[in-house]
Amino acid sequence: MKCTSSPGVRRLGHPSVDVPVHLGAAGGDGLAEEAEVEPDAGADVVFAEPAGVHFEGVADLVAARLGGGGVVRDHGVDLAQDALAVEKSDVEVDERVLHPEAHALRLAVDKQHAAVSVEGLAVHESARLFAAGNGDLRFQPRSVDGEGEPVLEGEGIGRRRGVFGAAGGGEEKRGADGEKKKVPGHRAHGDLCRQARAARNGNRVAKKKRSRAPRGNLLYSSTDQSADALYFGGVSVPDAFIAFSKGRKRVAVVNRLEFNRVRTQSRFDEVLPWEAWSKRAGETLKKEGARKPSEAALVAAVVEALAKEYGVGGFRVPFAFPAGLALALGARGVDIEPVDGMLFPQRECKTDDEAAAVREANKASAAGFRVVAKTLREAKIRKGKLYHGKRPLTSERMRERIGVACLERGADPGMVIVAGGDQACDPHHRGSGPLRANELIIVDIFPRSQATGYHGDMTRTFLKGRATDAQRALVATVFEAQQGALAKHRAGADGKRIYGDVLKFFEDRGYATGTRDGVAEGFFHGLGHGLGLEVHEPPRVSPKGGRLRAGQVITVEPGLYYPGLGGCRIEDVVRVTAGEPELLSYYNYRWEIR
């Protein structure tokens with residue numbers, strides 16, 4: 001093998017086929033260098049992508065095996081399929097490249113180099129093999145011309161400039177027939193981008209280039225269905241609308257019904273009229289032959305026009321982004337990247353205003369509990385059932401009364417839980433039918449403030465009549481566990497350990513967790529979850545919990561559930577601080593009502 005590239009390019013450690021491979025090595029002028037490979041013939045593998053890994057202007061050629069038999073050795077590292085050997089120092093230079101320890105490839109590594117997964121390694125744009133047209137470009141390892149140049153197959157070759165950006169570049173070479181031929185070239189500009197992918201069958205399919213323009217966030221939803229949309233704009237919009245960002249700038253596209261209100265009440269820097277942009281997109285679609293475009297097609301055409309107008313190279317979208325719109329955007333060449341997790345990670349740690357909004361919403365929860373306690377005090381016991389007035393007191397009637405109390409406090413009650421007896425042993429059973437005397441009743445109220453959109457979330461357990469010793473012991477154990485867990489919610493604490501401590505506490509008290517006749521019993525749910533614009537949001541305090549951070553608002557809600565005995569859950573909300581947690585909920589714990 002011979003290399004004609006810069007000293008920063010290392011040699012391949014394994015022979016491939018008798019064809020040259022063009023590898024991007026960023027030089028001082030930004031032009032791609034070449035590294036020609038002249039290995040033994042007859043191999044079944046082809047070295048295509050990945051090629052160079054670009055870090056701050058220096059290309060670092062690494063070895064990869066893309067098919068066939070045998071194992072590549074590079075710098076003394078045995079490489080399996082879909083793996084690269086790179087310098088550890090390089091991998092740690094750019095935070096966008098995953099650390100090698102994140103990939104359990106079980107490959108040998110030495111002190112200077114580490115094996116990393118091809119799927120998780122971002123490579124420089126110039127490291128792509130050849131320039132592509134607007135169709136697939138396939139590289140057949142045994143198909144070469146008289147000069148050893150690869151024969152490229154695929155629709156669209158040569159129809160457009162290379163996918164790598166500013167210029168197709170290239171140079172002329174003479175073939176066996178003496179005619180000049182253009183060899184594709186490309187410029188080595190741009191940041192680390194795209195993920196390297198191994199061609200498992202020995203072929204390489206070149207993909208369309210991502211724009212170098214900055215990426216933004218994109219949303220298409222109503223604020224009732226998307227907490228991200230409400231967080232992003234700070235204003236309620238009942239119908240789906242487009243919202244996106246370019247850098248720090250926030251832009252919304254809304255119809256005339258919402259235009260003036262959103263423009264004057266929201267956090268958007270610019271508000272655009274849907275009618276004008278949809279008309280423009282409709283004309284584009286009409287030229288393309290679409291007579292009656294779907295909503296997804298029209299919205300996608302609007303987003304495409306906005307991206308071009310504002311110079312946005314692609315969009316990050318939430319995991320729950322509409323699938324139909326995602327497909328329509330892809331069909332128009334708009335690059336989208338689903339975010340696994342929160343689109344706005346800052347939502348997880350609440351500001352003082354956000355914490356105050358949660359506290360205010362929990363006042364509606366407390367108002368609901370006051371109604372429950374009052375109603376149970378007024379209720380009469382007849383043949384084991386509870387009556388309020390002349391009618392049986394049911395879960396449904398109690399929810400109605402709770403709902404009125406929440407509305408009077410300016411909050412939507414949501415899906416209130418009032419579940420008694422064995423129904424309470426199913427933690428999310430809403431409850432139905434008559435409430436009975438001497439049975440534990442779980443009441444879980446998680447209202448949403450109409451003013452801010454933030455939620456409260458509190459749970460108390462009640463009983464009308466006379467509790468048994470077993471019921472009192474159950475409630476006392478849950479209460480003790482909850483109070484102990486509340487105090488442990490401090491910055492730096494391990495959520496997994498807090499959960500484990502509660503589980504062990506229950507077991508030490510004789511309350512085992514398991515299944516009986518296929519039904520779970522004991523403590524079989526998480527200890528808590530994040531609370532804010534959504535009822536359930538990160539973080540989770542559970543077997544998969546992590547370190548707690550200051551500002552996180554978290555529910556603390558241990559529970560025990562045993563059919564035949566009943567269920568008990570007690571829930572409050574805290575804001576994590578470096579010291580004692582800040583309590584964002586309050587209502588007393590009196591539960592037995594005679």
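The second largest pocket here holds about 530 Å³ of space. Keep in mind that this is a predicted model.

- Of the 27 residues lining the second largest pocket, Ser226, Ala227, Asp228, Arg347 and Glu534 are the closest to its centre.
- Sorted by class, the lining has 13 nonpolar, six polar and eight charged residues.

**A three-strand sheet**
- Three strands make up an open sheet, running in the order β19-β20-β21 with antiparallel pairing.
- β19 (380–382) and β21 (391–392) sit at the edges with a single partner strand each, so one side of each has no neighbour in the sheet.
- Three bridges link β19 with β20 (residues 385–388) in the antiparallel sense.
- Lysine 380 faces tyrosine 387, which belongs to β20.

**Lysine 464**
- You'll find lysine 464 in strand β26, which covers residues 458–464.
- Lysine 464 has a relative accessible area of 4%, and since the cut-off for buried is under 20%, it counts as buried.
- Beyond its neighbours within four places in sequence, lysine 464 touches a set of residues that includes Arg377, Ala379, Ile381, Leu386, Ala437 and Ile593.
- A polar atom of the lysine 464 side chain lies 2.9 Å from the backbone oxygen of leucine 376.
- Glutamate 439 is another of the contacts of lysine 464; the two are 25 residues apart along the chain, with their C-alpha atoms separated by 7.1 Å.

Terms used: Residues numbered from 1 in each chain as written. Predicted model: local features only at pLDDT ≥ 70, side-chain atom pairs only at ≥ 80, totals over all residues. Heavy atoms only, no water. Helix = DSSP H or I, 4+ residues; strand = E, 2+ residues; numbered from the N terminus. Buried < 20%, exposed > 50% of the residue type's maximum accessible area, 1.4 Å probe, protein only. Contact = heavy atoms within 4.5 Å. Polar contact = N/O pair within 3.5 Å; in protein donor to acceptor, adjacent residues only side chain to side chain. Pairing = 2+ DSSP bridges. 1 Å grid on protein atoms, 1.4 Å probe; cavity = no way out; pocket = protein on both sides within 12 Å on 5 of 7 lines; lining within 4 Å. Points joined across faces, edges and corners; volume = space filled by probe spheres on them. Nonpolar A, V, L, I, M, F, W, Y, C, P; charged D, E, K, R; others polar.
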